[in-house]
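Below are some short notes on the model, for discussion.

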Amino acid sequence: LITQEKKSLTDAQKMKIYSTWEDTPSTTLMWHLVTTNQVEDLESWLDQDPGAAWLRSEDGRGPMWWAAESNNQDIVAMLKKMGVPHTARMVLLPMIF
């Protein structure tokens, strides 16, 4: 029996991805998969590319935020299991005075 070893990221790699805020085809795909609750497709993508769990769009939102907003608890649980903090659902936007 041959098993495929899961890919993993260092904390530094996760933070590099997490601190990059930009709109890309990957963030658009992530938004679509999360907000339409496509758990199996998302799980397949994250098995191949675990760094995708740490993506953030230009406004700072990412998969945890979208999952919480969409009340997709299976995806929230999946992301938490991967180490994405539940606090990632909170985005601090600049205050305008």
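1. A residue is called buried under 20% relative accessible area and exposed over 50%, with partly exposed in between. By that scale Asn71, at 54% relative accessibility, counts as exposed. The model is a predicted one.

2. Asn71 is found in the loop between α4 and α5. Its phi is positive, about 55°, although Asn71 is not a glycine.

3. A positive phi of about 55° is also found at Asn37, again not a glycine. Asn37 lies in the loop between α2 and α3. With a relative accessible area of 37%, Asn37 is partly exposed, whereas Asn71 is exposed.

4. Helix α3 spans residues 39-48, and Leu42, Trp45 and Leu46 are buried in it. Viewed down the axis of α3, the buried residues fall within an arc of 95°, so they line one face of the helix. An α-helix has 3.6 residues a turn, so residues three or four places apart point the same way. The cover over the buried residues of α3 includes α2 (25-35) and α5 (73-81).

5. Where does Leu55 sit? Leu55 is in the loop between α3 and α4, the latter being residues 63-69. Leu55 has a relative accessible area of 17%, and because the limit for buried is under 20%, Leu55 counts as buried.

6. Which residues does Leu55 touch, not counting residues up to four places away in sequence? They are Ile17, Ser26, Thr27, Trp45, Arg61, Gly62 and Pro63. Of these, Trp45 is one of the buried residues of α3, and Thr27 lies in helix α2. Leu55 and Thr20 are 35 residues apart along the chain, and their C-alpha atoms are separated by 7.6 Å.

7. Thr27, in helix α2, is buried at 3% relative accessibility. The side chain of Thr27 reaches the backbone nitrogen of Thr24 at 2.8 Å. Leaving aside neighbours within four places in sequence, the contacts of Thr27 are Glu22, Leu55, Arg56, Ser57 and Trp66.

8. Thr27 belongs to α2, and Trp45 is a buried residue of α3. Helix α2 is also among the elements that cover the buried residues of α3.

Technical notes
Residues are numbered from 1 along each chain as its sequence is written. This is a predicted model: local features need pLDDT of at least 70, side-chain atom pairs count only at pLDDT 80 or more; totals for chains, interfaces and linings use all residues. Side-chain values use heavy atoms; hydrogens and water are left out. Buried means under 20% relative accessible area, exposed over 50%, partly exposed in between (1.4 Å probe, protein chains only). Helices (H or I, at least four residues) and strands (E, at least two) are DSSP runs, numbered from the N terminus. The arc is that of the directions from the helix axis to the C-beta atoms. Contact means heavy atoms within 4.5 Å. A polar contact is a pair of N or O atoms within 3.5 Å; within protein, one must be able to donate a hydrogen and the other to accept it, and residues adjacent in sequence count only if both atoms are side-chain atoms.
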